[in-house]
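This report describes a single protein model for a reader who is new to structural work. Please keep the sequence and the structure in view while reading.

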Amino acid sequence: MKLTAIAVALLALVGMGPAHAQTAEISRNGSRPSAMGSAQYFTGSVIVEPLFRANEHMHASGGLVTFAPGARSAWHSHPAGQILIVTSGTGWVQEKGGEKRAVRPGDVVWTPPGVMHWHGATATTSMSHIAITNMRDGKNVEWMQKVSDEEYGK
Ligand code: MN
């Protein structure tokens with residue numbers, strides 16, 4: 001009994017020891033190349049700056065997305081949801097069946113899994129947001145048709 005207790009205590013110590021510790025990682029600004037948003041999934045000029053990838057512990061990826069005036073994503077949904085944190089400009093978000101809604105710096109938008117929506121700049125101002133997108137079975141987005149000028153202008 002006493003030996004078992006000691007063994008458990010030792011195991012606990014080993015488990016917390018430096019041999020098992022992981023170190024904090026800093027991904028430096030400038031080390032992650034920007035990309036243009038694909039014309040297949042975006043309308044207008046969109047720049048995507050990757051921030052972090054999903055890993056064994058973090059089941060989401062993050063990116064800073066900047067939309068030029070008039071630019072927007074296609075309609076899409078996220079199998080495990082998405083958070084948008086607006087960092088500059090003024091933009092619009094809309095979900096299927098809902099009104100277009102204005103978003104501004106400091107606004108945080110949660111889109112639940114499977115909800116069809118789009119996000120982008122307004123017609124006259126750019127908009128940037130950080131997108132944190134959950135991953136399910138290696139997938140984080142389901143793309144649909146583009147947002148037409150008529151839908152965008154409503
Ligand atoms: Mn989205």
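## The manganese site

Along the chain, the donors of the manganese ion follow the spacing H-x1-H-x3-Q-x34-H-x1-H. Donors are N, O and S atoms within 2.8 Å of the metal (3.2 Å for Na, K and Ca); water is not among the atoms, so sites may look incomplete. The ion is coordinated at 2.2 Å by His76 (NE2), His78 (NE2), Gln82 (OE1), His117 (NE2) and His119 (NE2).

The model is predicted: local features need pLDDT of at least 70 and side-chain atom pairs count only at pLDDT 80 or more, while totals for chains, interfaces and linings use all residues. Residues are numbered from 1 along each chain as its sequence is written, and side-chain values use heavy atoms, with hydrogens and water left out.

Strand β11 covers residues 117-121, and five of its five residues are buried. Strands (E, at least two residues) and helices (H or I, at least four) are DSSP runs, numbered from the N terminus.

Which strand pairs with β11? The partner is β8 (residues 91-95), in the antiparallel sense and over five bridges; two strands pair if DSSP finds at least two bridges between them. Within this pairing, Val93 stands opposite His119 of β11.

## An open sheet

Six strands form an open sheet in the order β1-β3-β4-β12-β7-β10, with antiparallel pairing. Its edge strands are β1 (35-36) and β10 (108-111), each of which pairs on one side only. In general, strands of a sheet pair through backbone hydrogen bonds, either parallel or antiparallel.

Met36 has Ile47 in β3 as its bridge partner. The loop between β3 (46-52) and β4 (60-67) contains Met58, which is partly exposed, with a relative accessible area of 38%. The C-alpha atoms of Met58 and Met135 are separated by 9.2 Å, although these residues are 77 apart along the chain.

## Aromatic rings

How many aromatic pairs does a search of the whole structure find? It finds five, where rings of Phe, Tyr and Trp (its six-membered ring) pair if their centres lie within 6.5 Å; planes under 30 degrees apart count as stacked, over 60 as edge-to-face and the rest as tilted. The pair of Phe42 and Phe67 is tilted, because the ring centres are 6.3 Å apart and the planes lie at 55°. This pair links distant parts of the chain, with Phe42 in strand β2 (residues 42-43) and Phe67 in strand β4, 25 residues apart. Phe42 counts as buried at 13% relative accessibility, and Phe67 is buried at 1%.

Trp92 and Tyr152 form an edge-to-face pair, because their planes lie at 65°, with ring centres 5.2 Å apart. Here too the pair links distant parts of the chain: Trp92 is in strand β8 and Tyr152 in helix α2 (residues 149-153), 60 residues apart. Both Trp92 and Tyr152 are buried. Ring pairs also link Tyr41, Phe42, Phe67 and Trp143 into a cluster.

## Charges over rings

Lys100 lies over the face of Trp92, at 3.6 Å from the ring centre. Lys96 lies over the face of Trp75, at 4.9 Å from the ring centre. A charge sits over a ring if NZ of Lys or CZ of Arg is within 6 Å of the ring centre and within 35 degrees of the ring normal.

Methods
Buried < 20%, exposed > 50% of the residue type's maximum accessible area, 1.4 Å probe, protein only.
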